[in-house]
Structure formats: C-alpha cells, structure tokens
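Me: Hi! Could you walk me through this one with me?

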Amino acid sequence: MSDLARSQNQETFVLNLGPQHPATHGVLRVKLTMDGEYILRAEPVLGYIHRMHEKMGENRTWAQFMPNTGRLDYLGALSYNHGYALVVERAMGITVPERAEYLRVITVELNRIASHLLWFGAFVLDLGGFTPLLYAFDDREKILDLLESVTGSRLTFCYFRFGGLYNDVDDDFITGSRAFIKRLRSRMPDYHNLVTNNIIMIKRLKDVGLISAEMCRKYGATGPVLRGSGVDFDIRKNEPYSVYSEFDFDIPVYHECDSMARYMVRMDEIEQSLRIIEQALDKLPEGPVMAEKVPKIIKAPKGDYYAAVEAARGTFGIRVVSDGTNTPYRLKLRSPTYSNLSLYEEASQGMLLADALALMGSLDLVIPEIDR
Amino acid sequence: MSGYFKELFSGTKSLAVGLGITFRYMVKPVVTLQYPHESLQMTPRFRGHIELIPNEETGEPNCVVCGMCQKACPSNCISLAGEKVDGVKGKVLTKYILNFTTCSLCGMCVESCKFNAITFSKEYNLAGPSREAYVFDLKKRLEDKKQ
C-alpha cells in the first residue's frame, strides 16, 4: 500500500467506465480514479435504468405486479416470480398444490442454469475468450426452448400465479428436460477443459479480486459471491421454502475468496441444479397445478409480510405491507446484485484495471435489477 | 526454475486441449439458423400479441364487450367499445384497439377472458416505421383475415 499512499500526491486521472460499456453488461457507470493502471477509487453511479418498479407495485393490483417481477433480473426471472408468489401466498394463506411446487422448482432451477450459462459465456468474453460464449448459448437455447414451450415466453417469464401455475406441463417438457440434463452433463467436461483448466483463465482469476467473508457481511453480499468467500449460506438450505427440503443437493462453497472461487461456485451450482431437476422429475406427483380456493380479486389481509428466495445471484427478498385493499400499500424489493455491487468500491482498491473488470464480471451484475 | 518449466508445459497442454475441443466442434453440425431465409415454428403456447377469435358459425368476434381484459391489463393497453344491436343478446363489438407499444405480453387479458374471445397470435416478425404502426385495430385485422 506504500505505492498507493505515495501516489496520492502524484498526478491521477479519472476514467469514466460506462454507462455504455460492454464489460458492465448494461447501463452501469463506474467513475474510476486511476494512478496509471492502478485503481485508487471506483465509484459506481446508478440510476440510468431506474423504472420505479416499487412505486409501480403500489399503483396496480396484486396480480398485475407479477409481470414486473420478470423484468427485474431478466436472466433469472422465474426466481423473482417465485419470490413474489410466495409472499402473497404467505399473506393470503394459500396452499400451493404439490405438483405446482415441484414444477416451480424444476422451472426455477432450469432458469438458474440458463442464467449461470449466460454468465459463464459473458464472463469469459470479458476476459477475452469468445468461443465459450457460443457453446454456452447453444445449451442455454435448449433451456429457453423448454421454458418457452411451457411458459410462452423466452426471457421475461410470467409463469407463476398466486396458488399455483399458469398452466401444466406436457410430456414433451418432461422428456425434453431429461434429455437436456443428459446433454449438459456431457458438455460440462468440455467447459472445464476449455475454460476452467485453461492457463490464461487461471492466471487471470487465481488470487485476484479477493473478497473476504467479513466484507460480504459488511455489504450484505449473498449468493455465489458469499459462497466463494467460504460462507455456507443458501436460502434453499438455510430457510427452505417450496419443496427444496425434499431434495438431496449440496451447496458448493469455496474458501479461496478470489474470482476463481466465485467462478467455481457457479459451475458447481449448475451441476447441483441438474441434480435437483432430476430428482424433481422423478418425484413429480400428479394432480392440479392451481389451488382451488384462490379469490378472484386478491386482497391481502392487513399486515407486513416478507419472503426470500435464492435467485441465481443471491438472496432476493420481497417485503409487502398491505392495508387490506386490492393494491399493496408498500412493496420493497431487496435485490442481490445491489449489495454485491456495493462491495466493489472497497474490493477493487489498488487493483489493476484489467483485474478489476474480471472482478466485476465475477460479481455477475444485472443492472436492471440493481436499478429497479 | 523447474516449477517454471512445469507450468510452461502444463499451460501449453491446457491450451492444446482447449484447441482440440474447438476443432471437434468445428466439424460438428451447425446449430444456428439462417434467419431471414429459414424461420422457426413457434410453440403452441408462444405468447405473441393478442388477436380476436371469430365465432365458428357467424365469423363475428366472440367478444361480448365485458371489459374484463381491459381491467386485467397492467399497462392499460387495451381499449374496446361495443353497441347494442337489435336481435343480438348482449353487446356487439365495434372497436378493439391494442396499443402494442406498452404491452408486456403477460397474458393477463387472455386469462381473464371467460368468453373465449382473445388468444395469442404466433406473430413474432414485427417491424414498423412508426409508433402508430403498433396500435393494432384487432377488429379490422380479423376482418382482413377473413377476406
């Protein structure tokens, strides 16, 4: 740090990264105070894609907010659907049929894999490798086809309803999902040989971009960032919701705290999600996909409700306050990447610019979710 | 020093393995589609913009102008009007305008319809020169389709 201290008196310059920059994956602006190639301070500037989702929630009925949840984190939209459905079901005291719960888990996990695959491609692209992106997109396309055949859309899903699902799946989806599990399992060794074991990748990521567990606690970072720092925390295990407690899966945890650890957590999570889907497909019960006693016009009883789900990027929490009318009184969204980005300023201090961008990539930022 | 050469060797090997994978995929069949020349068939549940369903017998829209779709829409993009016609039970649809610029394809309108009057189209090749090109007159579309 002595170099850093000395540089305070020397000439520094401000480098503007974004709001239109391929490495920020959206309209994120970072004001970098640089000393040559080294970062003295990185200040994220938000607000370029703020759409007042929370305020929108207060101005429309409970059901009408559902499409909005698919537009927060557009890469893992189903987890957000799930979170909102959970909180309203909790408020209304609706029990979801078992088949619907299983299908929720299957579709959410498929969506998580799609999100991680896209991150994998884009992250390697940030580091200068183009080819893995094409393979990742090839696999992701298969998931989107599967999800399109049940939900009707490919990205901004609006599939869950209070008390169940929009519609049931057919046999094609079941066989398609099984075929996909087989396919992705055969592709994972290729990914590891092509990217994980690649010497350039290792040199760029190993022992670079350290984020300690203490820093995660300070800023409230969750998800793969937290698990890459050696903390075993996943809402699916720690506070099981839906039917997650019925499946046998592991939470990947790495103690290295570097960018490589976060990379490995996500790659392992893909495999664990495949395990969950496989078990859910085996156990999938017959029955309805929609609860019987769901009122047509939702009016949640007075009170304060909270639900949290494990989205692809971390803990997504949603808190609603109801005054008993047909619109929420207050709707607060706690999005994971907002917290994950908050630690960037501290974590990137004194880093080389190229390494700091690798660190930013390893945080897996989705800007519309930060600026909701 | 030996560590340096060891790493040099293992590093070069890892690059060769990666290259081997890309070469393997190079000779595999193409997975992409030459889009304007070929296009995909949409799945039955694909949610395009909505369209009116005609009555099987009369060919007129099934819609009875109850306005449930209008109420269900989160973005207020549906506006419709109807009138009373002698000899017909209920109202007859005169105008059904969908402002597709604000539609988010959530499907709340189709779900709320109890008269089997609207459905999703399978259209996804949408391009237009102006904003007005996306204000769809669905009744007119249905009539054009009939001819």
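Reply: Happy to. What covers the buried residues of α15(A) includes β3 (38-45), α5 (98-126), α8 (199-205), α12 (259-283) and α14 (344-347) of chain A. This is a predicted model, where local features need pLDDT of at least 70, side-chain atom pairs count only at pLDDT 80 or more, and totals for chains, interfaces and linings use all residues. Residues are numbered from 1 along each chain as its sequence is written, while chains are lettered from A and ligands numbered from 1 in the order in which they are written.

Me: Why is α15 of chain A largely enclosed?

Reply: Seven of its 10 residues (353-362) are buried, so the rest of the structure largely encloses α15(A). Buried means that 20 or more other C-beta atoms, placed from the backbone, lie within 10 Å of the residue's own. Helices are DSSP runs of H or I, at least four residues, and strands are runs of E, at least two, numbered from the N terminus.

Me: Which ones are buried in α15(A)?

Reply: A356(A), L357(A), A358(A), L359(A), M360(A), G361(A) and S362(A).

Me: New topic: how many residues of chain B are in contact with chain A?

Reply: 19 residues of chain B, meeting 19 of chain A; contact means C-beta atoms, placed from the backbone, within 7 Å. Helix α1 (residues 2-26) of chain B gives the most to chain B's side, with seven residues.

Me: And which strands form the open sheet in chain B?

Reply: β2-β3-β5 of chain B, in that order, with antiparallel pairing; strands pair if DSSP finds at least two bridges between them. In β5(B), V135(B) is the bridge partner of N99(B).

Notes:
A residue is buried if 20 or more other C-beta atoms lie within 10 Å of its own, exposed if 12 or fewer, and partly exposed in between; C-beta atoms are placed from the backbone. Two residues are in contact if their C-beta atoms, placed from the backbone, lie within 7 Å.
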